[in-house]
Amino acid sequence: MSRLSLATLDLARSRPNVTMPPVDPAGQQVGILHLGIGAFHRAHQAVITQEAAAATGDTRWGICGVTQRSDTVARQLRPQDGLYGVLERSPEGTRLQLTGSVRDVLYPEAQQDELDARFDDPAVTVITLTVTEKGYRRAGNGRLDLTDPLVAADLASNPAAGRPVSAVGRLVRGLLLRSRGCGAPVTVLCCDNLNDNGTVVAGLVADFCAALPGAVGEPLAAWIEGNVSFPCSMVDRIVPATTAADRADGQALLGLADEGLVVAEPFRQWVIEDSFVAARPAWERAGAQLTKDVAPYELMKLRILNGSHSTLAYLGALAGYATIAETVGDERLLAVARGLITEDVIPVLQAPDGTDLAAYGEQVLHRYTNPALAHRTVQIAMDGSQKLPLRLLATVRDNERAGRQARWAARGVAAWMTYLASPTARTGMPLPVDDPLAARLTASVRGRTDAGGIVDALLAYPEIFGADLPDSAWFRAQLTEDVAELL
Ligand SMILES: NC(=O)c1ccc[n+]([C@@H]2O[C@H](COP(=O)([O-])OP(=O)(O)OC[C@H]3O[C@@H](n4cnc5c(N)ncnc54)[C@H](O)[C@@H]3O)[C@@H](O)[C@H]2O)c1
Ligand SMILES: O=P(O)(O)OC[C@@H](O)[C@@H](O)[C@H](O)[C@H](O)CO
């Protein structure tokens, strides 16, 4: 079967349930450099960007995507001239949105020169990132982990001449080349699920500069101070990893093979701090919200959605459910998610202007029920050591400060602990541990059946639980009771 590309795109024009790109892909110039061109970026920012371009007629905002660890996405998209479909799945049916805003894809290991040229291109005024929580290589204190092998390798090589391997290393090298080259201001916009994500990235870049030889790091830090901004953003759209079945469904709709296809729910939200130092797409013309303060939106989303998502992922996987939709079909597990949202999270959360938190929470739970979206519990269970502090432990702490006990958040943490201890679900479904700390975590607890010992062993990770939570008597007791029940 022929493959989607600029040459074949017209064949899709009359296909039912297929929507053509709303802009001429070939007419878009690259103005955005995106580090981490995974599934989420393709289903969220790239779609909103092409809609903004269509609404304004502004052709400056094509995207150059940069893969991080492998050339997979480059191999998928380059033969397709950057085109791919977003398979939007809902109970009402499935439609395919063709997307044409990705104009180039680079694999840095083989294309560092091309990447350098993009970083130094004055037409590029926005650099965006989705490199996952662990991709930022943060130490337990939130600062750049200078002992991380990739970060250490980047620092050891000449930043202007070497070939960086960490995401922050790539970003800093790019900013260095730009500061010495075109010198044009640029905005760095983080789109990962992190609290205060722009501030986090600004801090990591500053840490990296401070660790460079002074003659390089100091002038670079000064240039960044005057020429780069790091707005925060809240991003939301449920985008499960694409499967072979998804590709087959996409191909049946399109009549063309599409190796770059991604799957998503209909819902999407993007709230962006309005703090840009250079031109940007008019994303607000495609539904994005530009605001002075993203923090209340970030906290609402991370704690209500991502907190309940992780809780359901661990509880669901332990019960042998493969997907979130199956998990919320179990009334007892749905009740845990609802308890977490209404009893633990909302009472200690500040609502963004005009937002009804209870209604938001119910909408989130409803989104999980989408039976057409096979979002695997073990996918969401990945990287728990990076996610739990933001998604659940912050809620535990805020409740402690308010003199309350976050009983349901503790249940989510206990489910993570039980997941780590259990090689398989009760049904025999394997429970893989995919986490930067996987080797240590599994050595600590995998295969153990003593609830108290499991809880003690895991609470002893200060990079996850800090110095305070292990001292909370009710938390330890609740975790032990819950792990004993879940094992
Ligand atoms: N998928 C979703 O539903 C969703 C929704 C909102 C936000 N997000 C954010 O987007 C991120 C990526 O999600 P995705 O669905 O695109 O995942 P994905 O697996 O499709 O892509 C992940 C991207 O991050 C890169 N990456 C992974 N580990 C890395 C590391 N250690 N160092 C550097 N880069 C690394 C990969 O190379 C890839 O480019 C999430 O971690 C989250 O922060 C995802
Ligand atoms: O993408 P991750 O790994 O940060 O988290 C898994 C899910 O909780 C997450 O992707 C949600 O689907 C998403 O945050 C919804 O917007």
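In the UniProt record, an unreviewed entry, residues 293-486 are listed as "domain: Mannitol dehydrogenase C-terminal"; UniProt positions follow the numbering used here, feature names are shortened, and annotations may be inferred rather than shown by experiment. The model is predicted, so that local features need pLDDT of at least 70 and side-chain atom pairs count only at pLDDT 80 or more, whereas totals for chains, interfaces and linings use all residues. Residues are numbered from 1 along each chain as its sequence is written, with chains lettered from A and ligands numbered from 1 in the order in which they are written. The span 293-486 is 66% helix and 0% strand, and its end C-alpha atoms lie 40 Å apart; helices (H or I, at least four residues) and strands (E, at least two) are DSSP runs numbered from the N terminus.

The protein chain is divided into domain 1 (9-291) and domain 2 (295-486), the bounds coming from an automatic or database domain assignment. Their C-alpha centres are separated by 28 Å, and the contact between them takes 21 residues from domain 1 and 23 residues from domain 2, two residues being in contact if their C-beta atoms, placed from the backbone, lie within 7 Å. On the side of domain 1 that touches domain 2, strand 4 (84-90) and strand 10 are the elements that give two or more residues. By class, this side has nine nonpolar, six polar and six charged residues, where Ala, Val, Leu, Ile, Met, Phe, Trp, Tyr, Cys and Pro count as nonpolar, Asp, Glu, Lys and Arg as charged, and the others, Gly among them, as polar.

Ligand 1 is surrounded by 23 residues, of which G38, F40, Q68, G135 and D192 are the closest; a residue is taken as near a molecule if its C-beta atom, placed from the backbone, lies within 6 Å of it. Helix 1 (39-43) and strand 10 (233-236) are the elements that give two or more residues to this shell, and helix 1 gives the most, with three. The shell around ligand 1 divides into eight nonpolar, nine polar and six charged residues.

Around ligand 2 lie E133, N193, D236, R237, I238, L305, N306, H309, I380 and M382, and at least three residues of this shell are drawn from each of domain 1 and domain 2. Helix 10 (residues 295-318) gives the most, with three residues, and the shell comprises four nonpolar, three polar and three charged residues.

The axes of helix 6 (residues 167-180) and helix 7 (residues 197-211) come within 10 Å and cross at roughly 75 degrees, the axes being lines fitted to C-alpha atoms over the stretch in contact, with angles running from 0 to 180 degrees between N-to-C directions. Helix 6 is therefore roughly perpendicular to helix 7, a term applied to angles of 65 to 115 degrees. V168, G169, L171 and V172 of helix 6 make the contact with L204, V205, F208 and C209 of helix 7, a set with seven nonpolar, one polar and no charged residues.

Definitions and conventions: Parallel < 35°, antiparallel > 145°, perpendicular 65-115°, else oblique.
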